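I opened my notebook to get to know a structure that was new to me. Here is what I looked up, entry by entry.

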Amino acid sequence: PHSWDVAIQTTLSSSPDINSPTNNNCHEKEAMVVQQQQQQQHRVNACAFHFGIGRISNTVIPGLSAVETTANLRSKWFVLPYGDQTLSMYSNVFTFLGGYPDQCLMEDYELVSLLRTRSSFLSSFSSKCHGNEKRDKMYKEELVLVPSADGRTNNNNNSSSKSYKALCSPRRWSKFGVLYVTYMNSYFVNLYAKGLHSDDL
């Protein structure tokens, strides 16, 4: 939908809030300049939608709401959304990372890991205002969830907040059950994180 495109563009063009420097040695105008420079150097490099699972009419699958909630909390707390949440990023960032990893499984997990590595590398530079001398610029990037239509992140699936949810088909949960699917997903992620190649999963 067009509104989703607008939401992606708005999220990617936004900058996280930066607090004004509090160093007493910095003059007020210099502090404002430093704040503006930090906002230019601190940006959202990628975003993802909230996770949702479609519902089958006249069919109740126990535990689906819990899966949605935990997936959105994982995305918020650990910055680890998956491919079914519609990952979006700048084309230059995507090119820098080498595009989508050429592997049969876990390619979305690997792509997010590369984004996090890039962000950690850029964040290693420090930025301070020490007297009238500005040292080492800080470049920081973040992967965030697309805010809901009312501006809230809605990580708790609050029905009063209209969020942009990427709906996943419920067929695997319907066929195998919530507990089995959740266990197998965690099992494969742990194996891959420990170094098992995707071809061997």
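**Ground rules.** I am working with a predicted model, where local features need pLDDT of at least 70, side-chain atom pairs count only at pLDDT 80 or more, and totals for chains, interfaces and linings use all residues. Residues are numbered from 1 along each chain as its sequence is written, and side-chain values use heavy atoms, with hydrogens and water left out.

**The chain.** I found seven helices and seven strands; these are DSSP runs numbered from the N terminus, with at least four residues (H or I) for a helix and at least two (E) for a strand. Along the sequence, the pattern reads α-α-β-β-α-β-α-α-β-β-β-β-α-α. Of the 201 residues, 38% count as buried (under 20% relative accessible area, with exposed over 50% and partly exposed in between, using a 1.4 Å probe and protein chains only).

**Strand E2.** I looked at residues 50-53 and saw His50 and Gly52 pointing one way, Phe51 and Ile53 the other, all of them buried. E2 runs parallel to strand E7 (residues 165-168), and four bridges join the two; strands pair if DSSP finds at least two bridges between them. Phe51 has Ala166 as its bridge partner in E7.

**His50.** Why does His50 count as buried? Because its relative accessibility is 0%. Its side chain reaches the backbone oxygen of Val146 at 3.4 Å.

**Asn45.** I then turned to strand E1 (residues 42-48), where Asn45 is found. Asn45 is buried, as its relative accessible area is 1%. Leaving out residues up to four places away in sequence, Asn45 touches several others, including Leu12, Tyr90, Arg118 and Glu141 (contact means heavy atoms within 4.5 Å). Asn45 and Arg118 are 73 residues apart in sequence, and their C-alpha atoms are 9.9 Å apart in space.

**The largest pocket.** I noted about 860 Å³ of space here. A pocket is an open set of points on a 1 Å grid over the protein atoms alone, where a 1.4 Å probe fits, with protein on both sides within 12 Å along at least five of seven lines; lining residues have an atom within 4 Å of a point. The volume is the space filled by probe spheres set on the points, which are joined across faces, edges and corners. It has 28 lining residues, and Tyr82, Arg172, Asn185, Ser186 and Val189 are the closest to its centre. Which helix gives the most to the lining? H7 does, with eight residues.

Note on methods. A polar contact is a pair of N or O atoms within 3.5 Å; within protein, one must be able to donate a hydrogen and the other to accept it, and residues adjacent in sequence count only if both atoms are side-chain atoms.
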